[in-house]
Amino acid sequence: MKQIWFILCLGTILVNGQKVNRSCECGVAGSNRRIVGGTTVQPHQYPWLVSLMLGPKLHCGGAIITDIHILTAGHCITFGVHYRDLTVNVGMHDRLDTSFQVLRVTNGVKHPEFTSNAVRDINDIAILTLNKKLHFSDKVHPICLPTADMDFKNFALTVAGWGKTRQGAMTSSRYLLETKVKMVDGEKCRKSAIYRDNLVTDTMMCAYSLGKDACQGDSGGPLFATHSRTTNRKWYQVGIVSWGIDCAMPDYPECGRPAESIAAVRIVGGRRAEPHSFPWTVAILKNNRMHCGGAIITNKHVLSAGHCFKWDNFTNMETLIGLDTFDDLSNVARRRITNVVIHEDFTTTPVRDENDIAIATLNEPVKFSEIIVPICLPVKKQDFTGLSGTIVGWGRVGVEASSSKVLLKASLRLLSDEECMNSNLKEHLKPTMMCAFSKGKDGCQGDSGGPLLVFEPVGKYVQAGIVSWGIGCADPRYPGVYTKVSHYIDWIQKHSEGGLTCDNN
């Protein structure tokens with residue numbers, strides 16, 4: 001883009017035809033500094049960031065460039081979404097905090113040469129006009145736009161957003177997250193056949209760092225950096241999150257403009273499970289990476305969470321059954337998924353998923369053995385209050401760490417409905433959900449869809465819940481939330497007909 005942009009503040013001085021206020025400065029970070037560990041941003045550290053909401057759902061990101069304009073991606077107001085459908089959250093850090101401003105959009109202009117195909121968007125840029133002017137403060141501030149001669153090739157680039165991670169239990173991050181990426185040379189980016197055929201180097205750029213990337217919901221957000229020209233004091237928007245293949249995949253950098261790291265995906269406080277001690281546990285991989293968990297309920301059906309499939313193509317998934325460690329796949333049954341039934345009343349908000357249950361059908365039945373056994377289902381409306389539950393999975397073991405190679409387990413206390421409703425999550429809970437918690441232990445994002453188990457006195461495990469959603473991980477204020485399996489027995493039996501199971505007695 002050869003056009004030079006300038007920030008419009010509140011004054012009346014003209015610079016290159018644009019109004020500029022000399023008393024304020026763009027791109028100056030908030031007074032707070034980032035948390036050690038590099039994932040969560042301190043409140044209002046990047047005061048130019050906004051979220052574009054489609055009803056209650058996070059739709060895209062954006063950046064304040066004047067007191068009335070937001071810079072975002074063109075595809076954010078395409079494909080059936082009109083700019084009038086959007087609201088803009090300004091000055092937001094914690095999406096459960098209501099102190100931020102919510103503004104409407106009165107106009108949206110895409111680049112006149114915006115085009116799109118099934119893979120990429122060209123000239124993917126848009127400007128939204130707000131319904132009222134912003135008052136700049138420590139919490140609300142514009143980003144600077146670079147001049148044409150500024151080079152950011154060797155600079156550390158930051159991406160930030162509240163976007164979704166498809167491997168996660170939560171639909172989006174509660175807090176603003178950030179990560180660092182590096183600009184990738186266009187020739188290196190073109191080594192992938194998909195990027196070679198779709199990358200337009202005049203108007204697109206690639207940025208990437210192993211395990212760090214933008215994902216769904218961060219579209220339109222800024223890629224930004226400081227520059228030596230202003231002694232690294234001001235932040236400049238280098239790019240806009242546009243498109244990419246999957247999220248944080250090796251050799252697939254986010255093209256156009258990136259934003260955000262994959263959130264932590266782990267069983268918090270978990271320890272090694274004895275090999276094959278939970279022989280119904282299933283690992284669901286997407287493009288050969290850990291995506292979700294599940295449990296075998298018949299010889300050809302897997303019970304999991306609805307959100308594991310709602311936004312992803314199950315034909316790109318594979319199930320590993322009879323798995324203990326990824327270092328030994330010799331006796332593991334690999335199966336593709338031929339069909340997925342998500343509960344017909346599945347709904348989602350930026351915080352929680354409701355009726356979060358799904359059944360996947362395998363392309364070929366498995367043979368039951370010592371290492372492949374179906375889980376027992378509870379009876380209708382069975383109450384597990386006060387009992388000890390166990391969660392299992394291969395999710396990530398730490399922030400920005402890789403998935404666990406071995407099956408992990410953690411013990412949790414199952415809360416009563418009353419205790420659950422008295423938690424800080426009460427306004428988001430439904431009778432079809434249950435809560436579990438133990439200090440320092442929790443299910444977290446990559447164990448989504450996995451089973452919450454209860455050992456009964458008769459010597460068998462039953463599946464009480466399905467890992468669904470939560471706020472943070474192992475936070476005593478927010479217990480983990482699970483789909484209550486006993487509420488869905490008829491539905492499960494209906495959609496797993498034709499499959500063989502074991503005697504529950």
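# Barrels, disulfides and salt bridges in a predicted model

With -90° about the S-S bond, the link of C60 and C76 is left-handed; a disulfide here is a pair of cysteine sulfur atoms within 2.5 Å. The model is predicted, and local features need pLDDT of at least 70, side-chain atom pairs count only at pLDDT 80 or more, and totals for chains, interfaces and linings use all residues. Residues are numbered from 1 along each chain as its sequence is written, and side-chain values use heavy atoms, with hydrogens and water left out.

**Disulfides**

- A disulfide is a covalent bond between the sulfur atoms of two cysteines, and a search of the whole structure finds three disulfides.
- The sulfur atoms of C60 and C76 are 2.1 Å apart; C60 lies in strand 4 (residues 57–64) and C76 in the loop between strand 5 and strand 6 (86–90), so this pair ties together parts that are 16 residues apart in sequence.
- Helices (H or I, at least four residues) and strands (E, at least two) are DSSP runs, numbered from the N terminus.
- Both C60 and C76 are buried, where buried means under 20% relative accessible area, exposed means over 50%, and partly exposed lies in between (1.4 Å probe, protein chains only).
- Another disulfide joins C292 to C308, with an S to S distance of 2.1 Å, and because the torsion about its S-S bond is about -90°, the disulfide of C292 and C308 is left-handed.
- C292 lies in strand 20 (residues 289–298) and C308 in helix 3, so the pair ties together parts that are 16 residues apart in sequence; C292 is buried at 0% relative accessibility, and C308 is buried with a relative accessible area of 0%.
- C420 and C435 form a disulfide with their sulfur atoms 1.7 Å apart, and the torsion about the S-S bond is about 40°, so the disulfide is right-handed.
- C420 sits in helix 4 (residues 417–421) and C435 in strand 29 (residues 433–437), 15 residues apart; C420 is buried at 4% relative accessible area, and C435 is buried at 0%.

**Barrels**

- Six strands close into a barrel in the order 3-4-5-10-7-6 with antiparallel pairing, where two strands pair if DSSP finds at least two bridges between them.
- Neighbouring strands of this sheet are turned by 45° against each other on average, direction ignored; axes are lines fitted to C-alpha atoms, for helices over the stretch in contact, and angles run from 0 to 180 degrees between N-to-C directions.

**Salt bridges**

- The structure holds seven salt bridges, a salt bridge being a side-chain nitrogen of Lys or Arg within 4 Å of a carboxyl oxygen of Asp or Glu.
- One of them joins D149 and R229 at 3.2 Å, N to O; D149 lies in the loop between strand 10 and strand 11 (157–161) and R229 in the loop between strand 14 (222–226) and strand 15 (235–240), so the pair ties together parts that are 80 residues apart in sequence.
- D149 is exposed, with a relative accessible area of 54%, while R229 is partly exposed at 45%.
- K286 forms a salt bridge with D312, the closest N and O atoms being 2.8 Å apart, and both residues, K286 and D312, are buried.
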